[in-house]
Amino acid sequence: MTIATTDRTELRELTADDAPFILDLLNQPSFLRFIGDRAVRTLEDSVDRVETRFRESYRENGYGLYAVVLRDTGVAIGICGFVRRDSLPMADLGFAYLPQYEGLGYAREAAVATLAYGCNQLGMSKVMAIAQLDNARSHRLLARLGFQQADTRTMPGDTVPVAVFTLDLSQASAPPSSSDDATGHSDA
């Protein structure tokens, strides 16, 4: 199911067919460094991850992380969407991209579409985001999207502190145009 389209991308639900892409993404050095090791090492692990994390979130929460796909080729380049964590009072925006698609504006483009979907279709009035303290690219992208850093904390089960950001969607204006891209924190 497609949840949004942009000039260059489509955001759609992940399926088992995306397992090779997810296996690649979750084992990229940038993903392992800034998001964490999800112990997805085989195609079977990846199929399981798609079903038990991504698709389960769609069923339980009505949202989740979505494949960001190039409209002209159908190639999946990243993920962007909302994560529901017991440790946060509301959904948080998460994103991650294959390295060859970073720095080209795709993260911002997909995040703007995702936030609009959250506000207009899901009725979200506020969202959060988290990023490691030294993940400058994600911090810049979140600032350009209108997020404000609220605090710093260590999430349950983690050892590395993260910056916690908030965005009031009811007062957010369209972010300025930017070609910045980033690898953000998600719960992929």
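A word on the source: what you see is a predicted model.

I'll start with β6, residues 126-132. Six of the seven residues in this strand are buried, so I would call β6 mostly covered.

Now its partners. On β6 we find strand β5, residues 92-97, running parallel and joined by two bridges. Between β5 and β6 the chain passes through helix α4, residues 106-120. That makes a β-α-β crossover, and its hand is right-handed.

The other pairing is with strand β8, residues 162-168. Here β6 runs antiparallel to β8, and seven bridges connect the two. If you want a point of reference on screen, look for Gln132, which sits opposite Val162 of β8.

On to the cysteines. How many disulfides are there? The count is zero. For Cys80, the closest cysteine sulfur belongs to Cys119 and is 15 Å away, so a bond is ruled out by distance. Seen from Cys119, the closest cysteine sulfur is that of Cys80, again at 15 Å and too far for a bond.

Their surroundings can be given as well. Cys80 has 0% relative accessibility and therefore counts as buried. Cys119 comes out at 29%, which means partly exposed.

To recap: β6 pairs with β5 in parallel and with β8 in the antiparallel sense, and the disulfide count is zero.

Methods: Residues numbered from 1 in each chain as written. Predicted model: local features only at pLDDT ≥ 70, side-chain atom pairs only at ≥ 80, totals over all residues. Heavy atoms only, no water. Buried < 20%, exposed > 50% of the residue type's maximum accessible area, 1.4 Å probe, protein only. Helix = DSSP H or I, 4+ residues; strand = E, 2+ residues; numbered from the N terminus. Pairing = 2+ DSSP bridges. Right-handed = clockwise from strand over helix to strand, strands pointing away. Disulfide = S-S within 2.5 Å.
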